[in-house]
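Morning, everyone. Let me put one model on the screen and walk you through it.

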Amino acid sequence: MPELKEQLKTLESSIVNRPPVCFGTLPVSASDCDLFYGKSDPIRRLNFVTASQDELKSLSETCERATFGMNQEDVLDESYRKAGKLDPSDFSMRFSAIEAGLLDVVSTELFEGKTTARPIRAELYKLNVYETGSFFKPHIDTPRAKSMFGSLVITFPTKHEGGTLTFRHKGGQWAVDSGKLVSEQAGPCVVYAAFYSDVEHEVLPVKTGCRVTVTYNLYFVAADTPFSKLVGNPIPAHRSALESAFRDLLSDPTVMPNGGRLGFGLHHQYPLDTSPSPYARAARRKKHQQKRAQLEALMGFLKGGDATLKQLCDDLKLRTFLGVVYRTTEKWSKQQDDVLCKMVADIDAEIEDSLVNYLRNYYGGKLLTRSRWRKRDMIVEWVTDSPQVNYVKQQYMAFGNEAELTHTYFRICLFVKIGATGSRETIDDDDDEKDEDEELEVMQDEGDEDEELEVTEDEDDEDDESDNLHTSSSTSQ
Ligand SMILES: O=C(O)CCC(=O)C(=O)O
Ligand SMILES: [Fe+2]
């Protein structure tokens, strides 16, 4: 065992995650700084390089008060977000982040290895005006689709102090002081900041002047679109340490001699569709297939170092799968259990069964933790400190930049199947199939029963006493 622990530690310490943010200045011509705006005629015009405070004031007065998403509702609360906003239908500008070539900058800076050549697209989202005293407290950007990976903020060269865009993620912090950056440039420029949208960020209060930004939502283009402009086969330098740690583990016959599963909590969170689907009996199997496919499809949308890890496993011919680990707390006991599902479960207030049973019976969930009541279904050797779990008891509280009803961020884990000593290099397909079939069987059985939830054949009756009220799978911050 000590060997395994050591190998896992080495693997973990070889995982490198680059900053999830990139930013800089981009010189522009004065005419690129023209803005045309208005909700009705007459349309007004201003130029960000020369705009007077009065002109910026009229722009601000044309804006609506910006709202934000909380608990899946749009909320206007100026103690959380104080700013004005315009929808793209109410303004037009000469500047285009796409024509300026910023998408290439984003790919190069945020992505790693082969994925730097991955086609992406940007959708203009909002214009925001922050007068003196305006701010936007910490939030993550609401996912608009599972292919949305990031956000791009362009700050125009109006004079301002404060309004620093600040990012925090997994212990790291990055700050973009646009007012200072603009004032340091000889000619007109905009400041760009692109980031993975699950990264927490805030706009600190503007101390003087007026800060104007436009935001774009960034999307991966369909996963099967061929990569463009890939010269050679770039390999992130930090990948080699991870690769040797993997190879050392695989070549040590005393480590996981009977094979098993390694678990990695992914660095980023990912949007999954949580719109409830009706429990139509006949459609359950189809629904589950769809839900599984949705999670599997995320493999094509992994961000940064998560994509590098997956690519390395592919190159080492290791079989991988993604899972959502639910950490359940039953109302009737303090026991917390982790259940791995290969799909997002519909969790609502109607669940009468214990959550563990519900996830196992309906969603082919595997119990990962030792429990007083049940045997573990699967043993996972965790490489990262702890699994990235989704709490299913706690109240759903998510601050986003907009209310979004269908997609929610989830913490996702990547599982790597390790073959038994002697057959590490070859993926044991049969074994894998068997594993998948077993899970499907659980679900099919359920589908054939009537709609009543069934408690597993398990020993304990106490399960039945649970009457937990679960709001939603939570990714709150
Ligand atoms: O305007 C900015 O700098 C950031 C805006 C933002 O975070 C948002 O709209 O979600
Ligand atoms: Fe934001």
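Where is Asn 357 found? Asn 357 sits in helix H8, residues 355-363. Helices here are DSSP runs of H or I with at least four residues, strands are runs of E with at least two, and both are numbered from the N terminus.

A word on the source. This is a predicted model, where local features need pLDDT of at least 70, side-chain atom pairs count only at pLDDT 80 or more, and totals for chains, interfaces and linings use all residues. Residues are numbered from 1 along each chain as its sequence is written, while chains are lettered from A and ligands numbered from 1 in the order in which they are written.

Back to Asn 357. Is Asn 357 buried or exposed? Asn 357 is buried, because 26 other C-beta atoms lie within 10 Å. The cut-offs: buried takes 20 or more other C-beta atoms within 10 Å of a residue's own, exposed 12 or fewer, partly exposed in between, with C-beta atoms placed from the backbone. Val 339 is 18 residues away in sequence and 9.6 Å away, C-alpha to C-alpha.

Now the chain. It has 9 helices and 27 strands. Of its 477 residues, 41% are buried.

Next, a sheet. Five strands form an open sheet, E7-E11-E17-E14-E15, with antiparallel pairing. E7 (81-82) and E15 (172-176) are at the edges with a single partner strand each, so one side of each has no neighbour in the sheet. Pairing needs at least two DSSP bridges between two strands. E14 (165-169) and E17 (200-203) pair antiparallel over 4 bridges. Leu 165 stands opposite Val 203 in E17.
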